[in-house]
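Subject: Structure handover

Hi,

Here is the structure I promised to pass on. My notes follow below it.

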Amino acid sequence: MARAALKDHQAAPARDLLLRAIEKDPKSAEAWEGLGFAYTRLDDHAKARDALERAASIDPDRPRVHSFLAYLAEKRGDKSTRVAELQK
């Protein structure tokens, strides 16, 4: 349901669904990744980065997480972090 909400550009409902999913399974890298993307869509980049870093700490082999983190680094002008994330 959260994926469908994100695809329909309904980031706030997706965020709420993902927060509930994380309450049930706080070790779900997929849920943390989705939450990071939802927060990105909501222009809350600090929360997006926190969620994506949590996803990466659970499963460091998620390429989209590192792509999103690189995007956020670029938005804040942090070129070295952007490059580092893209190399993961």
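Start with His66, which lies in helix H5 (residues 63-75). Helices here are DSSP runs of H or I with at least four residues, and strands are runs of E with at least two, numbered from the N terminus. His66 is buried, at a relative accessible area of 6%. Buried means under 20% relative accessible area, exposed means over 50%, and partly exposed lies in between (1.4 Å probe, protein chains only). Leaving out residues up to four places away in sequence, His66 touches Ala56, Pro60, Glu85 and Lys88. Contact means heavy atoms within 4.5 Å.

Two notes on provenance. This is a predicted model, where local features need pLDDT of at least 70 and side-chain atom pairs count only at pLDDT 80 or more, while totals for chains, interfaces and linings use all residues. Residues are numbered from 1 along each chain as its sequence is written, and side-chain values use heavy atoms, with hydrogens and water left out.

Salt bridges

The cut-off: a side-chain nitrogen of Lys or Arg within 4 Å of a carboxyl oxygen of Asp or Glu. Glu85 is buried at 10% relative accessible area. Lys88 is exposed at 59%.

How many salt bridges does the structure hold? Seven. Another one joins Arg62 and Glu33, at 2.7 Å, N to O. This pair links distant parts of the chain: Arg62 sits in the loop between H4 and H5, Glu33 in helix H3, 29 residues apart. Glu33 is buried, with a relative accessible area of 4%. Arg62 is partly exposed, at 21%. Both belong to a network of salt bridges that links Glu33, Asp59, Arg62 and Arg64.

Asp78 and Arg76 make a further bridge, at 3.7 Å, N to O. Here Asp78 is partly exposed at 23% relative accessibility. Arg76 is partly exposed as well, with 40%.

Helix H3

H3 covers residues 29-41. Its 13 residues should span 18 Å at 1.5 Å a residue, and its end C-alpha atoms are 18 Å apart, which agrees. The expected span is 1.5 Å times one less than the number of residues. H3 is mostly covered, with ten of its 13 residues buried. Among them are Trp32, Glu33, Leu35 and Tyr39. Just after H3, Asp43 takes a positive phi of about 60°.

H3 also contributes to the one aromatic pair that a search of the whole structure finds. Stacked or edge-to-face? The rings of Phe37 and Phe68 have centres 4.9 Å apart and planes at 25°, so the pair is stacked. Rings of Phe, Tyr and Trp (its six-membered ring) pair if their centres lie within 6.5 Å; planes under 30 degrees apart are stacked, over 60 edge-to-face, and the rest tilted. Phe37 is in helix H3 and Phe68 in helix H5, 31 residues apart. Phe68 is buried at 18% relative accessible area. Phe37 is partly exposed at 23%.

The core

The largest nonpolar core has 15 residues. Such a core is a set of buried Ala, Val, Leu, Ile, Met, Phe, Trp, Tyr and Cys residues joined through side-chain atoms within 4.5 Å. Ile22, Trp32, Leu35, Leu52 and Val65 have the most contacts inside it. H2, H3, helix H4 (45-58) and H5 each give two or more residues to this core. H4 gives the largest share, five residues. Trp32 touches Ile22, Pro26, Ala51, Leu52, Arg54, Ala55 and Ile58, again not counting residues up to four places away in sequence.

Helix H2

In H2, Ala11, Ala14, Leu18 and Ile22 are buried. They cover an arc of only 75° around the axis, which puts them on the same side of H2. The arc is that of the directions from the helix axis to the C-beta atoms. The face turned away from the buried side of H2 carries the exposed residues Glu23 and Lys24. H2 has 14 residues and should span 20 Å; its end C-alpha atoms are 20 Å apart, which agrees.

Ala21 is in H2 (residues 11-24). Ala21 is partly exposed, at 31% relative accessible area. Its C-alpha atom is 6.7 Å from that of Ala31, ten residues apart along the chain.

Best wishes
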